[in-house]
Amino acid sequence: WIKPRISKKQMMNYEKPAMCVREITERETSLWDAFIQDSPQGSLFASSIWKNVIERATSSKQRIFAVWKNDKILGGAVLTEKKQIGKLAALNALLSPYLGFALPPSASSKISERMSAEHETLKTLAEFLEKQYAQIDINNYPTLIDLRPLIERGWSVRPRYTYLLDVSEPEKLWAGFDGNIRQAIKKGEKAGFQHGEMNCPPSEIYELLQQTLTKNGGKNPIEESLVREIATAPEIQNRVIFGARADDNQLISVIICVWDRRRAYYLLAANNPKHLSSGASSLLIWELAQHLASLGIPELDFIGANIPGIARFKEGFNPRLETYYRLERWTSLPFRAVKKAGQKILGR
């Protein structure tokens, strides 16, 4: 009997099983959710809970791909899959502020080892996604900052901005508000509105959202079924709705807030255009902040500081600015040309 020869390269491959990428199955969702719970990029929006909500409410398919080595998850990507002009695109879902890539907490104190592991995982995911989709356009959680492996592969990286409000100390928070915000809150309190945490029918929330988004001739891209799911889905246990009603019981302002282990998210807000100067919206944000503080939630993500007018309003609460990154990759130039031409015709 002759012992077969094994080269050093073959031995290295034998000792280090290859990484592979495949979609999380239904039986593996608990494993994925445990990974997301520990990941620095983990959030409610990357969980299987949110996947179920999005898929029930819309015609879109939420996909979760993981990098595996043996039975261990080394990283993953969460995205919304849509078919456009005969091609598949990986995009962000509406009312899902952060999807994208997720990595595990570092197991090494050495930056060289940490960067090597993270870069290998990101490259593996990027290569897989590029083969699946004609366009990839996703917003990542703010903690994903080392994007060099994606830049090297030709991905476009654009900074985006959000505001974070420290709600842990309400008295300190109040003292930091701009004077006009404090005046608006006091005005709302004196107006005699019914306000605070309340159960608002989803249809009523959607109607108010319609008024908010179409007041200047715009369009509302959000489906009523999505608002209904976010407002009522039993899986979303960490959720609160604050509202304000006028004397005629009409809903004039509403906020839907959700949270995870890291922070709360100002997910949806809508206001009656006729009551913008009533102080109701500022009052609800103040009440929400106090409520979150009572639950031990340290901060509120205002979800976006990219539209100047809305950003100026949020600045009055004295938040801090945080950067997150939008990643885009086109793998089909004809698809890009057709899509860009369509956007130009529509004036987008």
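This is a predicted model: local features need pLDDT of at least 70, side-chain atom pairs count only at pLDDT 80 or more; totals for chains, interfaces and linings use all residues.
1. Main core. The largest nonpolar core contains 45 residues, and Trp-32, Trp-50, Ile-205, Ile-230 and Val-254 have the most contacts inside it. At least two residues of this core come from each of the helices α2 (29-38), α3 (48-57), α8 (202-213) and α9 (224-232), and likewise from each of the strands β2 (61-69), β3 (72-84), β10 (251-259) and β11 (264-271). In soluble globular proteins, nonpolar side chains tend to be buried together.

2. Another core, of 32 residues, lies apart from the largest one; Phe-242, Leu-284, Leu-292 and Leu-300 are among its members.

3. Trp-32. Leaving aside residues up to four places away in sequence, Trp-32 touches Ile-24, Ala-46, Ser-47, Ser-48, Ile-64, Phe-65, Ala-66, Ile-73, Gly-75, Gly-76, Ala-77 and Val-78.

4. Helix α4. Residues 111-132 form α4, and its end C-alpha atoms are 32 Å apart, in agreement with the 32 Å that 22 residues should span at 1.5 Å a residue. Its buried residues include Met-115, His-119, Leu-122, Leu-125 and Leu-129, but also Glu-118 and Glu-130. An α-helix has 3.6 residues a turn, so residues three or four places apart point the same way.

5. Leu-95. This residue is not a glycine, yet has a positive phi of about 60°. Leu-95 sits in the loop between β4 (87-91) and β5 (100-102). Its relative accessibility is 16%, so Leu-95 counts as buried.

6. Ile-303. Ile-303 belongs to the loop between β12 (299-301) and α11 (308-315). Because its relative accessibility is 24%, Ile-303 counts as partly exposed.

Technical notes: Residues are numbered from 1 along each chain as its sequence is written. Side-chain values use heavy atoms; hydrogens and water are left out. Helices (H or I, at least four residues) and strands (E, at least two) are DSSP runs, numbered from the N terminus. The expected span of a helix is 1.5 Å times one less than its number of residues. Buried means under 20% relative accessible area, exposed over 50%, partly exposed in between (1.4 Å probe, protein chains only). A nonpolar core is a set of buried Ala, Val, Leu, Ile, Met, Phe, Trp, Tyr and Cys residues joined through side-chain atoms within 4.5 Å. Contact means heavy atoms within 4.5 Å.
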